[in-house]
Amino acid sequence: MRYFFYYKPNRTIEPHKDETVNQRAEQKLKKIFETKSALIPRVYKEQWNKVALYHPTGDVEKANAILINPEDGAYDLGNKINDLTGKEWTKFTSSWFVFNALAVDLKQEKELDSHIEDHPATFSPTMISDFIRFFTKEGMSVLDPFCGIGSTMEACKRTNRVGFATELNPKYYNLILKRTPEFKDNIFNSDAVLIPTLNIKNIDFCISSPPYWDILNRSTKDFEKKREQRQLDVNYSDTELDLGNIADYNQFLNKLTNVYLNIYRVLRNNAYIVIIIKNVKKGGQLYPLAWDLSRRLSEKYVMKDEKIWIQDKVGLAPYGYPFSWTSNIIHHYCLIFRKEEK
Ligand SMILES: C[S@@+](CC[C@H](N)C(=O)[O-])C[C@H]1O[C@@H](n2cnc3c(N)ncnc32)[C@H](O)[C@@H]1O
């Protein structure tokens, strides 16, 4: 029998076996399809013959959620943020996660262009896809102001979102174009601080990882030697506009803050912005970059949260041994803000 109605009598979602209830649910589903089509995500529309109505306590009249596979959870038609079911939503809301580079992403990058490995600090499109799926619906726009080799644009392509980006280094910019030509009109070889002057507006979500201050200019000799042997870049560029080349902490913090304050102007109201960053050590001292930036941006945005990204497959070095405490920093902060204009 095809069930049109599911509920949650105990801990699991189950079909309702009553025939009249199912008939009422079938009628209601028909009406939803006819009158609320704009609220139904594409995946459900495409498989409408498998969609059932859902209400936790079994009330057909009050039901406002749909499902395909009960194991995946139900999608609430009032969902204003994304296309996720309650179960998928909850999974993402953990305040920390472990993610290491995926061989499948690295393979895809290498196949695209042998120069892609030149970039010294990229993140994974698979990881960014999860953020994009949470903070947008299909078809919405996503901006990455420090786009590197275009991992965020690749994530947009995979999730059917529209990518917008700036990247200062022309070599990386060209790699982004090659990787995601479908967004070519939205990708700019520009200083990110100029975003309000570019053809970028009404952005639904912004996610990026800026230079972690001048960390690359202070890499270990071992890191530099290994990369130079393979003729790979050891920093992003040598230009002054590159935020990774600013040695003074306060000057760097001011410029970085400015970029994100400028982005406020191109975001739609209620858009989220995620910044992936670390606290950084220099000269035997920790500079709380993530916290300083949070404080500065909170003057304009509402800071909503932090989500901690842990890379647990990074080799640990005996820093400080045997004289003083020095950690191996293997976590990043994904800082979450929202533009909330009354
Ligand atoms: C941490 S990397 C981002 C990597 C990117 N998430 C990826 O996966 O490829 C930071 C990037 O910011 C770029 N950058 C530095 N200063 C910039 C500026 N003022 N405007 C735009 N991009 C800049 C660098 O060239 C570098 O590619």
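This is a predicted model: local features need pLDDT of at least 70, side-chain atom pairs count only at pLDDT 80 or more; totals for chains, interfaces and linings use all residues.
Local features are reported only at pLDDT of at least 70 and side-chain atom pairs only at pLDDT 80 or more, whereas totals for chains, interfaces and linings use all residues. Residues are numbered from 1 along each chain as its sequence is written, and side-chain values use heavy atoms, with hydrogens and water left out.

The second largest pocket has a volume of about 400 Å³. A pocket is here an open set of points on a 1 Å grid over the protein atoms alone, where a 1.4 Å probe fits, with protein on both sides within 12 Å along at least five of seven lines; lining residues have an atom within 4 Å of a point. Grid points are joined across faces, edges and corners, and the volume is the space filled by probe spheres set on the points. Val 43, Tyr 44, Asp 83, Leu 84 and Glu 88 are the closest to the pocket centre among the 21 lining residues. The lining comprises 7 nonpolar, 6 polar and 8 charged residues (nonpolar: Ala, Val, Leu, Ile, Met, Phe, Trp, Tyr, Cys and Pro; charged: Asp, Glu, Lys and Arg; polar: the others, Gly among them). At least three lining residues come from each of domain 1 (5–80) and domain 2 (96–338), with bounds from an automatic or database domain assignment.

At least two lining residues are supplied by each of α2 (42–46), β4 (65–67) and α6 (151–159); α2 gives the most, with 3. Helices (H or I, at least four residues) and strands (E, at least two) are DSSP runs numbered from the N terminus. Helix α6 also holds Thr 159, which is buried at 4% relative accessibility (buried, under 20%; exposed, over 50%; partly exposed in between; 1.4 Å probe, protein chains only). Beyond four places in sequence, Thr 159 touches Ser 129, Ile 132, Arg 133 and Glu 138 (heavy atoms within 4.5 Å).

Five strands form an open sheet of mixed pairing, in the order β2-β1-β3-β4-β5. The edge strands β2 (14–15) and β5 (75–76) each have a single partner, so one side of each lacks a neighbour in the sheet. Strands β1 (5–7) and β3 (52–54) pair in the parallel sense over 2 bridges (pairing requires at least two DSSP bridges), and Phe 5 stands opposite Leu 53 in β3.

Positive phi values occur at Asn 202, near 55 degrees, and at Trp 213, about 55 degrees. Asn 202, in the loop between β9 (187–188) and β10 (203–208), is exposed at 54% relative accessibility. Trp 213, in the loop between β10 and α8 (221–229), is buried at 2%.
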